[in-house]
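Please keep the sequence and the model in view while reading.

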Amino acid sequence: MAGKIASGFVIFRKHSEKIEYLLLQTSYGIQHWTPPKGHLDPGESELKAAFRETMEESGLLKEDLKVYEDCKKVLNYEVKGKPKTVYYWLAELINPRAEVKLSDEHQDFKWLEIEEAMKYADYKDMRELLLDFEKYVKSLK
Ligand code: AMP
């Protein structure tokens, strides 16, 4: 059987000269820290699902974000023996007044600089993704 597909955004904000990434702590499983993401609905595009899931899981809206469509990475891992593919894009929080509002799926959130984000991210592929995205952010302008 084909695996599940999900998509989401690695969201950063520039906060008093710092670059901070949004990670959410799940209420399920090992309560790991992850960017907002979730499964595609039938017929839904990856990008549309990323916006919908981000809104549902963090309360951040499409208009709060600037998506860098050329900064995209795919993670592949197994969940309960079945393959899962997750597409992530980089996105910047451009509305400084937007507030994170969690759903029941998460219990906490943090805006973390890259060094801290690396400590919270439990999985090597996510840490590599964050480092790649950090390089991209630093190359901007
Ligand atoms: P998630 O895909 O984040 O909803 O998590 C579903 C399950 O996969 C949980 O048991 C996580 O601990 C696990 N998981 C999440 N991210 C990864 C990853 N990058 N590599 C391996 N397992 C993961």
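Predicted model: local features only at pLDDT ≥ 70, side-chain atom pairs only at ≥ 80, totals over all residues.

Is E116 buried, exposed or partly exposed? E116 is partly exposed, with a relative accessible area of 32%.

- Helix α2 covers residues 114–120 and contains both E116 and K119, which are 3 residues apart, about one turn of the helix.
- The side chains of E116 and K119 form a salt bridge, with a distance of 3.0 Å from N to O.
- K119 is exposed, since its relative accessible area is 62% and the cut-off for this class is over 50%.

**Salt bridges around R52**

- R52 forms a salt bridge with E53 through their side chains, at 3.1 Å from N to O.
- Both partners count as buried, a class that requires under 20% relative accessible area: R52 has a relative accessibility of 18%, and E53 has one of 8%.
- The side chain of R52 also meets that of E56 in a salt bridge, at 3.3 Å from N to O.
- R52 and E56 both belong to helix α1, which spans residues 46–58, and they are separated by 4 residues, about one turn of the helix.
- E56 is partly exposed, with a relative accessible area of 40%, whereas R52 is buried at 18%.

**Network and total**

- Salt bridges link D41, E44, R52, E53 and E56 in a network.
- The count of salt bridges in the model comes to 12, among them the pair E116 and K119.

**The largest pocket**

- The volume of the largest pocket is about 690 Å³.
- Its lining consists of 29 residues, and those nearest the centre of the pocket are Y28, H32, Y77, V79 and K84.
- Several elements each supply at least two residues of this lining: the strands β3 (33–34), β4 (37–39), β5 (65–79) and β6 (82–93), together with the helices α1 and α3 (124–139).
- Sorted by class, the lining residues of the largest pocket comprise 13 nonpolar, 5 polar and 11 charged residues.

Conventions
Residues numbered from 1 in each chain as written. Heavy atoms only, no water. Salt bridge = Lys/Arg side-chain N within 4 Å of Asp/Glu carboxyl O. Buried < 20%, exposed > 50% of the residue type's maximum accessible area, 1.4 Å probe, protein only. 1 Å grid on protein atoms, 1.4 Å probe; cavity = no way out; pocket = protein on both sides within 12 Å on 5 of 7 lines; lining within 4 Å. Points joined across faces, edges and corners; volume = space filled by probe spheres on them. Nonpolar A, V, L, I, M, F, W, Y, C, P; charged D, E, K, R; others polar.
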